[in-house]
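User: I'm new to this one and would like a walk through it. Could we take it a question at a time?

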Amino acid sequence: MKTAKFLLLLASVLGTSCRLFAGDGSVYSSFGVGDILTYAGNRSAAMGGTGVASLTDGYINELNPAGLGQLTRTQYSGDFQYQGYGLNDGTASTFLSSGNFQSAGIAFPVYSDYGIGFAFSITPFSRRAYDAIDNEVSAGVIQTFSGSGGLSSAQFGFSFSPAENLYFGVTTHYLFGNYDDVQQLEYDSVGYFTTNGDKNISMNGFAFTFGGVFAGIDKALGLSTEKHMNIGATIFSGSTLNSTEQIYQDFTTSKETTDVITGSTKIPLGYALGLEYDVRDKIILTGDAQFQQWSQFSYMGVHPSEIQNSMRFGVGAEFLPTRTLAEPYYRQVTYRAGGYVNESYLKINGETINEYFITGGIGVPIFSTPGSEARINIGLEYGIRGTTSNGLERDSITRLTISLSGSDTWFNPPEVQ
Amino acid sequence: MKVYPNLFIIILFLVVSISGCSQSPTSVGNKLIPGSSKYSVHDTTIVAVSDTTFKFSQINGSSSSILVGNYSPVNATALLLFLATFPDSMATVQIDTAELTLSADYGWNVPFPPTPAQFEIKEVLSSWSSTVTVDSVLSFGPTNSPLITITNQDTLSVGRTITTQFDTSLVRKWINIYTDTLLPRFFSIALVPRTTNGGIWGFSQFGSGSPPNLEIIYEKNGVKDSVSLNVGQGTFFATSNPLQLSAGIQTQGGISVYSIVKFNLKPVSDSINKVIVNNATLLLTLKNSQSTIGFGAADSVTAYLAGSATQLDSVGATYFGYGYRKDTTQKTNSVYTFNITSLIQQWINTPSTNFGAELREVDATSTVNKHVFYSSKDSTYAPKLTITYTRK
């Protein structure tokens with residue numbers, strides 16, 4: 001325990017000596033609605049962001065509401081994420097990092113015979129975080145740019161199964177959030193007023209995700225009973241978000257709201273296809289493809305030239321050696337791996353900003369109680385975004401997600417004798 | 001139920017220790033920010049298009065210094081009002097002596113070596129208040145009967161006090177007035193310069209550390225006693241001829257000489273409308289030989305936002321800047337710099353408020369300091385306004 005106490009003390013010192021939640025990201029997040037986050041839970045993140053066709057009990061499927069159809073117990077989870085950004089533009093490099101609450105959710109089955117389940121969760125949709133400095137304006141002048149904020153999705157999912165092996169679902173998203181872009185120009189001379197402008201944007205609106213999973217592919221293909229294959233698909237309706245942009249400017253005489261624009265932000269239609277292959281409930285292989293028509297994106301009626309359609313392809317695998325408590329602890333741990341390629345919605349200086357990520361993770365049980373599904377899930381993603389050529393920036397991104405998940409029999413209907 | 005405690009500790013350690021060590025802001029990636037989103041820095045210099053000097057009747061009120069003296073064309077007369085309280089026992093006493101003590105705190109155009117300062121003390125019969133103006137001074141006196149002449153034979157300097165005999169008959173008169181409850185208790189005198197071009201002196205005001213003091217020594221039943229009158233009000237009138245409205249840039253305290261300097265921002269205001277003014281510096285060049293700044297006072301001029309096109313003495317008190325000598329060792333054509341950033345921003349945000357910058361002495365109500373600057377018509381030393389601003 002002395003070692004543990006020492007570690008805690010060291011952690012506290014480290015934690016307080018560093019700046020939490022700083023301007024901790026890339027300038028890429030200043031475009032569009034920021035970095036689009038496809039986070040759908042720790043398990044999905046560790047498996048290459050896949051899970052459109054996943055029906056696995058024990059996790060909340062946030063990618064496809066139809067995936068709630070086989071829940072047998074109430075599931076809940078809360079996620080914390082650390083993000084590290086190694087930024088390099090070919091002439092200089094730096095490393096930025098931050099940690100913050102990522103998402104939380106709860107899902108519960110209502111009527112298993114018809115695959116009826118509900119889920120509530122709040123999860124990030126996009127994120128803006130950058131803090132850049134330009135000291136080449138002119139001698140004695142420094143200009144800084146910083147941005148923060150993003151969109152979150154408070155969502156309610158519902159699933160049902162009209163027929164054997166067929167599941168449908170719908171998720172209602174309430175997208176909301178604020179962006180704050182601050183720009184300053186400072187002189188190093190005494191008596192010079194600092195130019196300080198602030199653009200604040202607020203957005204909100206509803207969107208829907210319609211999903212379906214068909215779990216009868218294995219039978220159609222004549223696979224053995226130990227092997228299961230699902231196919232899933234989702235359609236994201238897109239949304240027209242009510243948007244208000246307010247621009248504040250500091251003058252020596254006053255701080256004024258110099259402009260107020262109200263309008264809309266159009267988040268475009270997206271769709272995804274997925275496949276899941278399950279062998280003896282031990283090995284799960286997944287593959288997803290996602291597309292979104294960002295070419296239809298507009299902000300206040302204008303489509304930014306740097307925004308284009310996006311495509312994402314991911315694969316994942318999960319291995320759980322045993323569910324038997326008597327087995328050694330390491331055999332009760334769930335192991336995950338994956339990767340994805342994302343042709344992002346950014347096209348800057350004529351070049352598409354691509355992302356290449358490898359992922360992995362583990363899910364470790366907390367209690368040794370029979371029936372307990374409480375786990376700490378640790379997911380790690382590492383990837384590269386962009387390039388240093390053509391005036392661009394290459395980001396080396398590390399994301400470490402730590403989640404606490406569990407289950408219980410809350411809301412479960414009593415069994416009829 | 002078995003729990004794995006070490007696991008918690010490890011997780012907690014990981015979470016806390018890796019949370020957010022950032023080096024920001026960073027220059028990396030700043031080129032990704034579109035140029036149209038960045039602020040650009042600009043400088044422009046504008047020469048004044050016109051200027052006017054004018055003079056107003058002004059209330060010097062309870063100025064920090066009470067001026068008296070003469071130096072062409074300024075003639076300063078001081079007024080002192082004693083808020084006296086005499087003991088009832090003084091009604092029948094014999095006044096032995098009365099002495100007036102004043103403490104010098106300012107001098108202007110005092111000859112070197114100084115000549116004796118001579119002032120007359122006159123009784124003021126009509127009541128006045130601190131809101132009295134130079135134009136109304138004749139309506140209440142002072143009387144024309146000279147009472148005492150002060151001749152200071154010593155060299156005056158800041159902090160030096162002078163003491164002179166005061167007419168005991170006037171003191172007796174005041175005591176009698178005080179004891180008669182039907183008469184108005186108004187005990188006032190005027191200090192009037194007697195010498196011509198002897199310079200102008202300033203004396204510390206009532207309420208200061210060295211206020212004017214009238215020490216009265218009296219005797220009753222063979223016992224001497226005294227009373228000090230050092231609470232009251234003081235002001236002064238500094239008249240100057242001619243009262244004029246003329247071209248040129250001149251400021252003088254005490255006699256309320258102001259100037260307005262105008263700049264035409266229109267050639268640039270279209271392009272810099274609603275821009276952010278980071279710095280606006282007004283440069284005025286002094287005609288040193290025509291300017292006189294007294295000792296014991298600041299060598300500074302204030303530039304205010306002129307408040308009206310017609311009411312020339314109207315200024316906006318919110319926006320102003322002080323002007324100081326850029327190089328105090330320079331003996332000719334000394335340059336005064338004023339930071340008037342807020343004032344210029346106001347003009348740019350609201351062009352209709354551009355009535356010019358009104359220049360006044362910093363110690364406009366307690367000195368007669370005089371600054372004369374080159375006008376806008378001077379090809380070399382005309383007032384200049386340099387504006388540094390940013391815009392997108």
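User: Which residues have the most contacts inside the largest nonpolar core?

Analyst: Keep in mind that this is a predicted model. Its largest nonpolar core has 48 residues, and E5(B) gives the largest share of this core, seven residues. As a general point, nonpolar side chains in soluble globular proteins tend to be buried together. The residues with the most contacts inside the core are B:Phe82, B:Phe86, B:Phe166, B:Ile189 and B:Ile216.

User: What is B:Phe82 in contact with, leaving aside neighbours within four places in sequence?

Analyst: B:Phe82 is among the residues with the most contacts inside that core. Leaving aside those sequence neighbours, its partners are B:Leu100, B:Trp174, B:Phe187, B:Ile189, B:Phe206, B:Leu214, B:Leu229, B:Val231 and B:Gly232.

User: How many residues does the second, separate core have?

Analyst: Among the members of this separate core are B:Val261, B:Leu286, B:Ile387 and B:Tyr389. Its number of residues is 29.

User: How far apart are the end C-alpha atoms of helix H2 of chain B?

Analyst: Helix H2 of chain B has 12 residues, 168–179. At 1.5 Å a residue they should span 16 Å, and the model agrees with that, because the end C-alpha atoms are 17 Å apart.

User: How wide an arc around the axis do the buried residues of H2(B) cover?

Analyst: The buried ones are B:Leu170, B:Val171, B:Trp174, B:Ile175, B:Ile177 and B:Tyr178. They sit on the same side of H2(B), because their arc around the axis is only 160 degrees.

User: Is B:Ser334 buried or exposed?

Analyst: B:Ser334 is found in the loop between E19 (315–325) and E20 of chain B. Leaving aside neighbours within four places, it is in contact with B:Leu284, B:Thr285, B:Leu286, B:Asn288 and B:Arg325. The relative accessible area of B:Ser334 is 0%, so it counts as buried.

User: What distance separates the C-alpha atoms of B:Ser334 and B:Asn288?

Analyst: Along the chain, B:Ser334 and B:Asn288 are 46 residues apart. Their C-alpha atoms are separated by 6.9 Å.

User: What is the relative accessible area of A:Ser121?

Analyst: Over in chain A, A:Ser121 is placed in strand E4 (residues 116–124). Leaving aside neighbours within four places, its contacts are A:Glu62, A:Ala104, A:Gly105, A:Ser153, A:Ala154 and A:Gln155. Buried means under 20%, and A:Ser121 is buried with a value of 10%.

User: Which peptide bond is cis, with omega near 5 degrees?

Analyst: Look at the loop between E3 (65–71) and E4 of chain B, where B:Pro73 is placed. The cis bond runs from B:Ser72 to B:Pro73.

User: Which element of chain B has the lowest mean pLDDT?

Analyst: Chain B has a mean pLDDT of 84, with 84% of its residues at 70 or more. Strand E20 (residues 335–339) of chain B has the highest mean among the elements, 97. Where pLDDT is low, the predicted coordinates should not be read in detail. At a mean of 54, the lowest is strand E7 (residues 148–152) of chain B.

How values were computed
Residues numbered from 1 in each chain as written. Chains lettered and ligands numbered in written order. Predicted model: local features only at pLDDT ≥ 70, side-chain atom pairs only at ≥ 80, totals over all residues. Heavy atoms only, no water. Helix = DSSP H or I, 4+ residues; strand = E, 2+ residues; numbered from the N terminus. Expected span 1.5 Å × (residues − 1). Buried < 20%, exposed > 50% of the residue type's maximum accessible area, 1.4 Å probe, protein only. Arc of directions from axis to C-beta. Core = buried A, V, L, I, M, F, W, Y, C linked by side-chain atoms within 4.5 Å. Contact = heavy atoms within 4.5 Å. pLDDT = per-residue confidence, 0-100.
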